[in-house]
4 protein chains.
Amino acid sequence: MHGYTNDKEAYLTRLRRIEGQVRGLQRMVDEDVYCIDVLTQVSAATRALQSVALGLLEDHLAHCVAEAVEKGGPEAEEKVKEASAAIARLVRS
Amino acid sequence: MHGYTNDKEAYLTRLRRIEGQVRGLQRMVDEDVYCIDVLTQVSAATRALQSVALGLLEDHLAHCVAEAVEKGGPEAEEKVKEASAAIARLVRS
Amino acid sequence: MHGYTNDKEAYLTRLRRIEGQVRGLQRMVDEDVYCIDVLTQVSAATRALQSVALGLLEDHLAHCVAEAVEKGGPEAEEKVKEASAAIARLVRS
Amino acid sequence: MHGYTNDKEAYLTRLRRIEGQVRGLQRMVDEDVYCIDVLTQVSAATRALQSVALGLLEDHLAHCVAEAVEKGGPEAEEKVKEASAAIARLVRS
């Protein structure tokens, strides 16, 4: 059981749609579509991925981190550090 | 003929690898992998997509925009505006 | 008392340094420094600001959000939602 | 003469406003304003800086890079590479 378990199907649907966007990008490159139009689609796929990440992160804070905090002890602090490192990777990617 | 035409095969290879990363994400979610590990992979896929975008943009500047500038006229200015808008979408995604 | 209170002086020092970077940018523009060198400094100031944000966010999760979660009740959920919205603003800025 | 020279005053005004935002952040931290409100202001300052960067970049492409391309020769290629590296720094910051 993780933060996203209850919304698993919704996440899978979103990831399948992103997979379709990336396959669409291959088709565009293969058919020599104009660079700027390819770039617009890359931006759309990037935003969709980041939106999945923000959802996973919120679920993670609401479940995994919250549970560790409720239990207390050193694991709580560790979970906050770990989540913060994941947020930093997201902000910088 | 667009900026990326000469590197078409390399871009297709990179996009197929990103498609594989997104399918890997689906597997991770489906198998209830720990949230933070899923997030690390989402960041990796996002960075890979942005790296494709930066490559396409450089090729676009070096070919399509450069050609328009060499020809001169209002189209040159238009191409710079269009590329700048694409850069803004990238920076904000 | 907020998450960052214990590190207040350190944050003020970092923000003063960023203020100095922004004043340095004005000097560069005023003295007609080469665009790319100005841009490099803008990127450095942006990264410094985001690094302050990531620090504030980690402190906020470790203190304000953790306290709300320990108390339980609807405020805990609200704090997680609020922090997630702040993370989304950061990722998209 | 650089890309931004004609808009120098406008850029200085925007940078002075950002300096004011960063000073405002120091006041907020000093007065123990709630973390999330500080973060909202950090995001606003970050966006303002990135917006300055996007403007400088567009001016740079329209003037410095365009001039190098018109002259032709190896410097044209170099300018495109240099601009692309600056775009990559922006996207990743």
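**Exercises on a predicted model**

A rotation of 180° with 0.0 Å of shift along its axis places chain A on chain B, with an RMSD of 0.0 Å. The two copies are therefore related as by a two-fold rotation axis. Keep in mind that this is a predicted model.

**Exercise 1.** Work out why the copies, chains A and B, meet through the same surface.

*Solution.* Start with the interface residues of chain A: 100% of them are also interface residues in chain B. The copies therefore meet through the same surface.

**Exercise 2.** Decide how helices α1 and α2 of chain D run relative to each other.

*Solution.* Step one: find the helices, α1 at residues 8–30 and α2 at residues 35–71 of chain D. Step two: look at their axes, which come within 10 Å and cross at roughly 165°. Step three: angles over 145 degrees count as roughly antiparallel, so α1(D) is roughly antiparallel to α2(D). The crossing of the two is left-handed. Sorted by class, the contact between α1(D) and α2(D) has 14 nonpolar, 4 polar and 3 charged residues.

**Exercise 3.** Is Gln50(C) buried or exposed? Is Pro74(B) buried or exposed?

*Solution.* Take Gln50(C) to begin with; you will find it in helix α2 (residues 35–71) of chain C. Buried means under 20% relative accessible area, so Gln50(C), at 2%, counts as buried. Gln50(C) touches residues that include Val91(A), Leu90(C) and Thr46(D).

Now turn to Pro74(B), in helix α3 (residues 74–91) of chain B. The cut-off for exposed is over 50%, so Pro74(B), with a relative accessible area of 68%, is exposed. From C-alpha to C-alpha, Pro74(B) is 18 Å from His60(B), and the two are 14 residues apart in sequence.

Key:
Residues numbered from 1 in each chain as written. Chains lettered and ligands numbered in written order. Predicted model: local features only at pLDDT ≥ 70, side-chain atom pairs only at ≥ 80, totals over all residues. Heavy atoms only, no water. Least-squares fit on C-alpha atoms with pLDDT ≥ 70 in both. Contact = heavy atoms within 4.5 Å. Helix = DSSP H or I, 4+ residues; strand = E, 2+ residues; numbered from the N terminus. Buried < 20%, exposed > 50% of the residue type's maximum accessible area, 1.4 Å probe, protein only. Axes fitted to C-alpha atoms, helices over the stretch in contact; angles between N-to-C directions. Parallel < 35°, antiparallel > 145°, perpendicular 65-115°, else oblique. Left-handed = near helix turned anticlockwise from the far one by under 90°. Nonpolar A, V, L, I, M, F, W, Y, C, P; charged D, E, K, R; others polar. Lists of a residue's contacts leave out its neighbours within four places in sequence.
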